[in-house]
Amino acid sequence: MEQDPRSRAQGKRTPQLVYRWEKTGAICHFYAPQTTLEVSVVTDHILRFRYSPYGSLMQNFSYAIREDLPTPPTSIKVEEHDDSFFLETNSLRCVISKTLHISIYNLDGQLVVEDERGFHWEESHQHGGNFVYCSKRIQEQEVFFGLGDKTGNFNLRGRRFELWATDRYGYDKNSDPLYKNIPFYQGLHHGLGYGIFFDNTFRSHFDFGHSNGNVSSFWADGGQMDYYFIYGPELLRVVEGYAVLTGTHELPPLWALGFHQSKWSYFPESQVKSIAQKLRELQLPCDAIHLDIDYMDEFRCFTWNADRFPDPARMIQELKADGFNAVAITDPGIKLDPSYSVYREGIENGYFCRRADGPLMRGEVWPGICHFPDFTDPAVRQWWGTKFEDQVAQGIAGYWNDMNEPAVFELGTFPEDTRHDYDGHPCSHRKAHNIYGTQMARATYEGVKAQIFPRRFLNLTRSGFAGMQRFAATWTGDNISTWEHLWLANLQCQRMSISGVSFVGSDIGGFIGNPSPELFVRWMQLGAFHPFFRVHSSGDHGDQEPWSFGSANLPAIRKAIETRYRLLPYVYTTFRQHAHQGTPVIRPLVYLDQHDPQTHYRMDEFGLGPDLLICPILEEKSEGRQMYLPKGQWFNYWTDEEVTGGKEVWTEARLDTIPVYVRAGALLPHYPVMQHVGEEKLAELILHVYYTSQTYASQVYEDAGDFYEYEQGNYCIRTFSQVAEKGQTVIRQYTQGRFNSSYATFNMVLHGFPTVPKKVTIRLTTGEEQKIEVHTDGDTPEIVVSKQFEKLVIK
Ligand code: MIG
């Protein structure tokens, strides 16, 4: 850390004794000489701590926190004791010592976190303000997770990280920092999970027992110590609590959950068309083709290269007719070119970033020397948003915000003295750097949404800060075609998911280099279970279309894509759960059972939604692998073999198969394979019913798959409860919402039932009872029943 030597001599400062305190509603202030601590109760499980060294607290402004936080609880008690204060909510007791040390307990009296040195600071003579620090004691057996797109093992204990958005072309498993900055981590000890979200956009640092084995700490090079404590105790609840603060993804259009094919770059039009055509010819389902920077006229944003794409509206329309959506890239750098209207408007209106002493900031990227819009200025975001008008009118269905760390050739990023508006809180790039990417994604999101409404669309961003999920999905940047990167992609996506950003994927096959056919197949299999499912590559090292790996490998690749299309209603339901309550779409093993210490150090296995467990094959020439199944009963998705969890199992997985298990009791919805979303009207919904000897409930969420009418109640949630009672299985259905899906029947496939069902009856919502025929000609018994059933009995 660079600092003025005088400040080092003065050393770090810690608070003195509190002499006064006050409580106003859900907010308490504790005053000590030179330090004020503000503690706010956000919910019974979430507390916010804000400190000011010297003078008063900074203005309350955050890009990360949602504007519509819930109303705080009213039942907060504060008591003053001799040397501390007790602040109590309905689930926590926070003890604040008179030297402002914090310890937080649950109401069973178990310690969740405690300060080590706690808050301390050091004045920054060079820049003004302070370096702000907070340190906590590491508890026995404590493990740490989160921090967004960090590399390396899933558990962060023993390591130190930096948050400073960086364009890291060809990163490796030790690279840090990367593209995104998510200052949110989770701790787990004694079965208690909690989270810390440090809401500070300056360059910041996290240490999980690296410099001192007993201490975890976080600090930033400026701004204020402003952090949220989120109590679980279940880790999934911690992630949901974080979503209360920073929001969730919006429900994507269903097509965006299909398969995407991309390359840097598909051009001219004839090449785009032939890729699309080949996907259909070879029956490889696909919903989107991405256009990388070469569609533009000399990399000028919002333009088309007229030689390569003479009539974009027609091309996009033709792609649409064949079920493909076109997604286009956009970059922050604006070419210095007086004949380019975006450049002129930016200059005339003062929309570009300036250096401290006045000149416009200049940096070289693809178009040559560029100026860069200050996306932290609301007027600039508004202007940027309007620029998408023409392309949206031409039919572009998604945007892909690249280079927004921001990345600049040679310099790396903007010089630190570059000025930003920061929504009316002017500052230097030191403060705005980590939020720049999110604000660009937001400008694109708000602008495109205003024009594309009432449709939904896909917005992708490479960089982002906490809260980025409100505006965009993301991918893990410029990875490499190696087995190690397949391992990394698995980890990074899990980490992003528990850091609030569920809509995430990797460049399948690797961006740099060319994968072996086997690696590509294995990567497609993992990608099919990742929320964002896209093949992308730099195009420098060979082709990466599904057919580029020889006809022998095509069936396995097709099978991966088809599996995804079958599972779409399940993936969509899981997204709805995320959008509704912030639950991560993919869930690392420890989030499935944190009370089982076996899960704490594992990282290959993960859950997709509540009912699927996936474990990718990460090694060459594997015919299967050892993997851990959480406690409970599971069925092999491919073979129906039933396995009892709580142990490691060997799972066979030849080249065309990835290990996948289904939780006993689940009703897993499937669509028939279509070549793209909405290719045909749905004639029935397939429900794979997995037997349980106990009780279990599953949900299926449906709506129009596009548009926003679901916000007005035009959706349908079906809750199925399966109960084994007296030698029979009873399934009850409850529905909510008024969306009426196009099909009339469920095709229910019965897996793992102890005997072939002899008699099946249903009761309809009308009260009518019917006897149902059981089809036993296939491997698995099937029944076809009205979607109106209320109760189904299988004997
Ligand atoms: O300097 O647009 O991560 O996905 O293909 C490279 C070209 C710029 C980086 C992105 C990558 C994209 C590429 N971009």
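Tutor: Ala, Val, Leu, Ile, Met, Phe, Trp, Tyr, Cys and Pro count as nonpolar, Asp, Glu, Lys and Arg as charged, and the others, Gly among them, as polar. The structure discussed here is a predicted model.

Student: How do the residues of the lining of the largest pocket divide by class?

Tutor: The largest pocket has a volume of about 1200 Å³. Its lining consists of 43 residues, and Arg66, Glu67, Asp68, Leu69 and Arg470 lie nearest the centre. Sorted by class, the lining residues of the largest pocket are 9 polar, 14 charged and 20 nonpolar.

Student: Which elements give two or more residues to the lining of the second largest pocket?

Tutor: The second largest pocket has a volume of about 770 Å³. It is lined by 37 residues, with Leu254, Val677, Gly678, Ala704 and Gly705 closest to its centre. The elements that contribute two or more residues to this lining are H12 and strand S44 (695–702).

Student: How many residues of the lining of the largest cavity are nonpolar?

Tutor: The structure holds 4 cavities of 30 Å³ or more, and the largest cavity contains about 160 Å³ of space. Around the largest cavity stand 17 lining residues, with Glu250, Phe457, Asn459, Phe471 and Ala472 nearest its centre. Of the lining residues, 3 are charged and 3 are polar, and the number of nonpolar ones is 11.

Student: Are helices H3 and H4 roughly parallel or roughly antiparallel?

Tutor: The axes of H3 (residues 269–281) and H4 (residues 312–321) come within 11 Å and cross at roughly 0 degrees. Angles under 35 degrees count as roughly parallel, so the arrangement of H3 and H4 is roughly parallel.

Student: Which residues in H4 are met by Glu269, Val272, Lys273 and Ala276 in H3?

Tutor: The residues of the contact of H3 with H4 comprise 4 nonpolar and 4 charged, with no polar residue. The residues in H4 that meet those four in H3 are Arg314, Met315, Glu318 and Leu319.

Student: What is the phi of Gln141, in degrees?

Tutor: Most residues other than glycine have a negative phi. Gln141 lies in the loop between strands S10 (130–137) and S11 (143–146), and it is exposed, with a relative accessible area of 60%. Although Gln141 is not a glycine, its phi is positive, at about 60 degrees.

Student: Does His190 count as buried or exposed?

Tutor: His190 sits in the loop between strands S14 (184–189) and S15 (192–198), and it has a positive phi near 50 degrees. Exposed means over 50% relative accessible area. The relative accessibility of His190 is 52%, and it therefore counts as exposed.

Student: Which residue is joined to Gly232 by a cis peptide bond?

Tutor: Most peptide bonds are trans. With omega at about 0 degrees, the cis bond joins Gly232 to Pro233.

Student: Does Ser124 count as buried or exposed?

Tutor: Ser124 is placed in the loop between strand S9 (111–123) and S10. Leaving aside neighbours within four places in sequence, Ser124 is in contact with Gly129, Asn130 and Phe131. Buried means under 20% relative accessible area, and Ser124, at 3%, therefore counts as buried.

Conventions. Residues numbered from 1 in each chain as written. Predicted model: local features only at pLDDT ≥ 70, side-chain atom pairs only at ≥ 80, totals over all residues. Heavy atoms only, no water. Buried < 20%, exposed > 50% of the residue type's maximum accessible area, 1.4 Å probe, protein only. 1 Å grid on protein atoms, 1.4 Å probe; cavity = no way out; pocket = protein on both sides within 12 Å on 5 of 7 lines; lining within 4 Å. Points joined across faces, edges and corners; volume = space filled by probe spheres on them. Axes fitted to C-alpha atoms, helices over the stretch in contact; angles between N-to-C directions. Parallel < 35°, antiparallel > 145°, perpendicular 65-115°, else oblique. Contact = heavy atoms within 4.5 Å.
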